[in-house]
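Grab a pencil and work through these exercises with the viewer open. Try each task yourself before you read its solution.

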2 protein chains.
Amino acid sequence: MRYGFGIDVGGTTVKLAYFDETGALLDKWEIPTVTANRGEAILPDIAASVLSYINKNNISRENLLGIGIGVPGPVSDEGIVNRCENLFWGVFNIHEKLQDLTGLPVKAGNDATVAALGECWKGGGQGCKNMFMATLGTGVGGGLVIDGKVTLGAQGAAGEVGHMVLCRDETEPCNCGKYGCVEQYCSATGVVRLANRRMAEDNAPSVLRKTERLTCKDVFDAAAAGDAPAQEVLDRFYRLLAEFLANVCNVINPEVVVIGGGVSKAGQPLLDGAKRYFDRFAFHANRNVRFSIAQLGNDAGAYGAFKLALDALGG
Amino acid sequence: MRYGFGIDVGGTTVKLAYFDETGALLDKWEIPTVTANRGEAILPDIAASVLSYINKNNISRENLLGIGIGVPGPVSDEGIVNRCENLFWGVFNIHEKLQDLTGLPVKAGNDATVAALGECWKGGGQGCKNMFMATLGTGVGGGLVIDGKVTLGAQGAAGEVGHMVLCRDETEPCNCGKYGCVEQYCSATGVVRLANRRMAEDNAPSVLRKTERLTCKDVFDAAAAGDAPAQEVLDRFYRLLAEFLANVCNVINPEVVVIGGGVSKAGQPLLDGAKRYFDRFAFHANRNVRFSIAQLGNDAGAYGAFKLALDALGG
């Protein structure tokens with residue numbers, strides 16, 4: 001049996017995990033991400049943590065296939081990191097650098113696509129070779145797995161579906177400067193925006209009017225409790241979400257759509273709501289696509305990073 | 001040097017071509033597609049034509065790597081054809097059947113995706129590993145090349161972008177039964193439909209009013225000749241085409257968008273028109289995508305079929 005590390009570098013913490021080659025997560029821990037001085041301590045800190053784990057547990061290097069690592073920015077196949085804004089990193093080869101520090105082979109990828117790979121391997125897309133993962137959080141991100149591999153596209157932006165056009169008549173600009181992007185409706189902030197718009201339409205009584213600093217969860221809770229305007233908001237949201245998901249499926253024809261991110265905490269009602277309108281927008285070949293909620297939570301990145309290493313280095 | 005055949009099976013003719021392994025098309029010819037008796041003669045006819053070509057030209061079998069073939073329907077990786085309506089074919093293994101008939105290894109694929117592979121290899125997408133090909137004909141089809149390989153998706157429907165939703169408020173149904181599909185605006189028939197709608201809006205004088213059985217080419221010709229309503233029609237078309245192309249790019253982040261099909265005969269003005277509105281809808285990472293017109297015409301399928309065989313059988 002061979003073993004390896006899967007590492008997910010975030011803006012505040014680095015998640016590290018130790019796996020066997022079947023994908024069983026044997027151990028996991030976190031260290032802080034020290035972004036001072038253009039993040040120069042991040043890789044040495046990771047290397048020290050990995051080396052200390054190896055020593056403490058008397059792990060034989062013979063059985064280690066290497067390290068997979070996901071970082072919040074674009075990474076080329078050869079390991080060239082091309083700026084990670086959140087880490088203050090510039091351009092360098094992370095494969096070489098982390099290999100020099102640890103003596104282990106390294107394979108790196110973008111964190112969002114790596115998380116999608118993790119969900120496809122051991123989470124909501126398990127058993128599938130073609131998956132679309134939509135991450136509905138503060139914004140909307142995503143990742144594509146095609147024929148079992150994460151797809152990066154020409155500039156590492158494949159699956160960056162948050163800025164697809166959904167409502168060309170939108171009058172408020174998206175953060176990206178365009179109008180009517182998916183992110184303006186299908187994110188947690190999008191749900192709140194739809195709720196505020198609904199409140200402004202008339203004076204229908206709603207618990208949402210009494211809620212300060214409305215959150216996405218407030219809208220779901222109010223709808224579940226029978227608040228009619230909140231239910232209307234979710235109905236609009238589900239219709240837009242369905243159209244967005246159908247259009248992605250109409251491009252890549254996946255077996256499964258996995259929904260992750262904060263909004264996915266709504267669970268089965270979210271899947272049912274999106275499914276209710278999906279067939280209206282989907283080409284017939286895509287109507288039997290399976291919907292599921294992401295299952296690995298914060299561990300998806302570590303799973304996917306290890307899988308990336310397994311595929312690239314596992315021979 | 002090794003050689004092989006690339007074959008494109010259409011509803012009325014089968015196009016056959018002989019290539020060397022660099023992709024030089026050395027010879028090409030056609031035979032009729034005999035669809036009588038559930039198309040049972042099609043593969044024997046192809047085999048007879050290939051064998052006769054081999055004998056006539058004293059080609060050594062040692063140097064032949066095999067046959068690539070594109071068919072108008074879904075084909076699995078193992079060669080299982082799952083109904084080709086136009087050929088009246090049911091379900092069978094085309095790899096085995098054509099290999100039995102010719103003694104040569106066979107690799108089959110769907111005709112639209114195979115044509116996309118051809119354009120990526122030797123046509124408008126040459127030199128690129130990530131391509132979206134949009135075929136704007138009577139309908140709208142397409143194909144995706146990702147990391148140098150054609151992508152089929154779960155049911156062979158990847159790249160079938162003609163039924164993405166573009167205008168959810170559309171009141172006329174698409175042939176597929178849905179409303180507001182890309183095909184209703186961005187095909188040759190879609191351009192005619194947009195023109196007829198424009199004519200119905202007012203009484204502005206236009207040469208299009210005097211044209212019986214309006215065609216897509218009539219609209220382009222009138223616009224080029226300065227007809228203002230025709231120019232307005234194309235402006236609407238370009239805006240919709242740009243939104244559609246941008247949304248596909250926002251999913252897969254290609255290096256190049258290749259436009260083929262009858263509408264692509266409009267050439268550079270079509271590319272300029274789409275490019276004019278593209279940035280309004282594209283995520284910033286996709287704004288430097290290259291646009292080009294398909295270059296291989298009716299030979300794209302043969303090129304792609306041979307490339308499919310070269311990748312699968314060329315070792």
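A polar contact is a pair of N or O atoms within 3.5 Å; within protein, one must be able to donate a hydrogen and the other to accept it, and residues adjacent in sequence count only if both atoms are side-chain atoms. Keep that handy for Exercise 1.

Some ground rules come before the tasks. This is a predicted model, where local features need pLDDT of at least 70, side-chain atom pairs count only at pLDDT 80 or more, and totals for chains, interfaces and linings use all residues. Side-chain values use heavy atoms, with hydrogens and water left out, residues are numbered from 1 along each chain as its sequence is written, and chains are lettered from A and ligands numbered from 1 in the order in which they are written.

The pLDDT is the predictor's confidence in each residue, from 0 to 100. Chain A averages 95, and 100% of its residues score at least 70. The model's ipTM is 0.88 and its pTM is 0.89.

**Exercise 1.** Find Asp227(B) and work out which side chain it joins in a polar contact.

*Solution.* 
- Step 1: look in the loop between α7 (216-224) and α8 (228-252) of chain B. Helices here are DSSP runs (H or I, at least four residues), numbered from the N terminus.
- Step 2: check the side chains, and you'll get Ser206(B), at 2.9 Å from Asp227(B).
- Step 3: Asp227(B) is buried but has none, and the nearest side chain of opposite charge, Lys210(B), is 7.0 Å away. Buried means under 20% relative accessible area, exposed over 50%, partly exposed in between (1.4 Å probe, protein chains only).

**Exercise 2.** Is Phe237(B) buried or exposed?

*Solution.* 
- Step 1: go to helix α8 of chain B, where Phe237(B) sits.
- Step 2: read its relative accessibility, which is 0%, so Phe237(B) counts as buried.
- Step 3: list its contacts (heavy atoms within 4.5 Å). Leaving aside neighbours within four places in sequence, Phe237(B) touches residues including Tyr185(B), Phe220(B) and Leu270(B).

**Exercise 3.** How many disulfides does the whole structure have?

*Solution.* 
- Step 1: look for cysteine sulfur pairs within 2.5 Å. The search over all chains finds zero disulfides.
- Step 2: take Cys249(A), whose nearest cysteine sulfur, in Cys128(A), is 12 Å away.

Definitions and conventions
Helix = DSSP H or I, 4+ residues; strand = E, 2+ residues; numbered from the N terminus. Lys, Arg positive; Asp, Glu negative; His and termini not counted. Salt bridge = Lys/Arg side-chain N within 4 Å of Asp/Glu carboxyl O.
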